[in-house]
Amino acid sequence: MVPLHDPYAALVYAASPRDVRTTIIHGRIVMEDRRVLTVDAAAVRARIADAAARYGRDAADITLIAVSKTHSAAAVDALAALGQRDFGENYLQEALEKIATLAARPLVWHFIGQLQSNKTRAVAEHFAWAHTIDRAKLA
């Protein structure tokens, strides 16, 4: 079950009918309905645009990274079909499978988990970004 306090996880979780038959998003019950995903994705982008305007920034300069850990490649594919391009993963093995499955899509992959030194090569080869380099040895 996806926690309701995490709207981004709910967006990805409800992306594919193969992944879920019924889920709850923002208090609504959704049954195999991708239209709700479209509405919620648009709402998240609108909130980003509003926040950018409040702080004098251009919303186009802000990248929304959808955290897709624990979600299937089908769910990521469905969200990508709505225009989402940046995805964050912190489980390397799971991510490598998704990256291979979705190689035909022009996606940008972000590694967001704790990086172990024995996994740096795979991250460097398959991810455009590594957000969690906390030791010089890993760089």
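The following legends describe close-up views of a predicted model.

**View 1. Confidence along the chain.** Mean pLDDT (the predictor's confidence in each residue, from 0 to 100) is 75 for the chain, and 72% of the residues reach 70 or more. Over residues 1-33 pLDDT stays under 50.

View 2. Four bridges join strand 4 (residues 86-89) to strand 5 in the parallel sense; Phe87 has Trp109 of strand 5 as its bridge partner.

**View 3. The largest nonpolar core.** This core comprises 18 residues, and Phe87, Leu107, Trp109 and Phe127 have the most contacts inside it. A nonpolar core is a set of buried (under 20% relative accessible area, 1.4 Å probe, protein chains only) Ala, Val, Leu, Ile, Met, Phe, Trp, Tyr and Cys residues joined through side-chain atoms within 4.5 Å. Helix 3 (73-81) gives the most to the core, with four residues.

**View 4. Surroundings of Phe127.** Leaving aside neighbours within four places in sequence, Phe127 is in contact (heavy atoms within 4.5 Å) with residues including Leu92, Ile99, Trp109 and Phe111.

**Notes.** Residues are numbered from 1 along each chain as its sequence is written, and side-chain values use heavy atoms, without hydrogens or water. Local features need pLDDT of at least 70 and side-chain atom pairs count only at 80 or more, whereas totals for chains, interfaces and linings use all residues.

Technical notes:
Buried means under 20% relative accessible area, exposed over 50%, partly exposed in between (1.4 Å probe, protein chains only). Helices (H or I, at least four residues) and strands (E, at least two) are DSSP runs, numbered from the N terminus. Two strands pair if DSSP finds at least two bridges between them.
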